[in-house]
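This report describes one protein chain for a reader who is new to structural analysis. Please keep the sequence and the model in view while reading.

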Amino acid sequence: MTAQTVRRTLAIALRIAGLPIEWTPRELRHSFVSLMSANGASIELISRLVGHRSTVVTEAVYRHELRPVITEGAEIIGKAFGAKTG
């Protein structure tokens with residue numbers, strides 16, 4: 001399939017599903033990786049599913065944390081200073 005055919009086919013599928021047709025295959029790929037990661041899938045599994053040879057590209061380029069990781073650090077510092085966690 002050519003890139004144009006993929007985009008056209010995706011636009012048709014999105015229209016049928018009632019979703020924004022502006023979405024691109026690239027956006028969906030990044031979303032897939034991030035959602036899989038946020039829901040506990042191992043980086044190795046995700047890498048295989050998206051066809052990467054190793055996890056490096058999957059982690060560096062595609063995986064975007066959906067939840068703030070800053071809270072994890074804040075909880076650790078809070079414990080260090082005796083803050084109650086709840």
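## Overall fold

Of the contacts in the chain with a separation of 6 or more, 30% are between residues 24 or more positions apart; a contact means heavy atoms within 4.5 Å. The model is predicted, and local features need pLDDT of at least 70, side-chain atom pairs count only at pLDDT 80 or more, and totals for chains, interfaces and linings use all residues. Residues are numbered from 1 along each chain as its sequence is written, and side-chain values use heavy atoms, with hydrogens and water left out.

The chain has five helices and zero strands. Helices (H or I, at least four residues) and strands (E, at least two) are DSSP runs, numbered from the N terminus. Buried residues (under 20% relative accessible area, with exposed meaning over 50% and partly exposed in between, for a 1.4 Å probe and protein chains only) form 19% of the 86 residues.

## Helix H3

Helix H3 spans residues 43-50, and its buried residues are Ile43, Ile46, Ser47 and Val50. They lie on the same side of H3 because they cover an arc of only 100 degrees around the axis, taken from the directions from the helix axis to the C-beta atoms. The buried residues of H3 pack against helix H2 (25-38) and helix H4 (55-62). Arg48 and Leu49 are exposed on the face turned away from the buried side.

## Nonpolar core

Val33, Ala41, Ile46, Val50 and Tyr62 form the largest nonpolar core, a set of buried Ala, Val, Leu, Ile, Met, Phe, Trp, Tyr and Cys residues joined through side-chain atoms within 4.5 Å.
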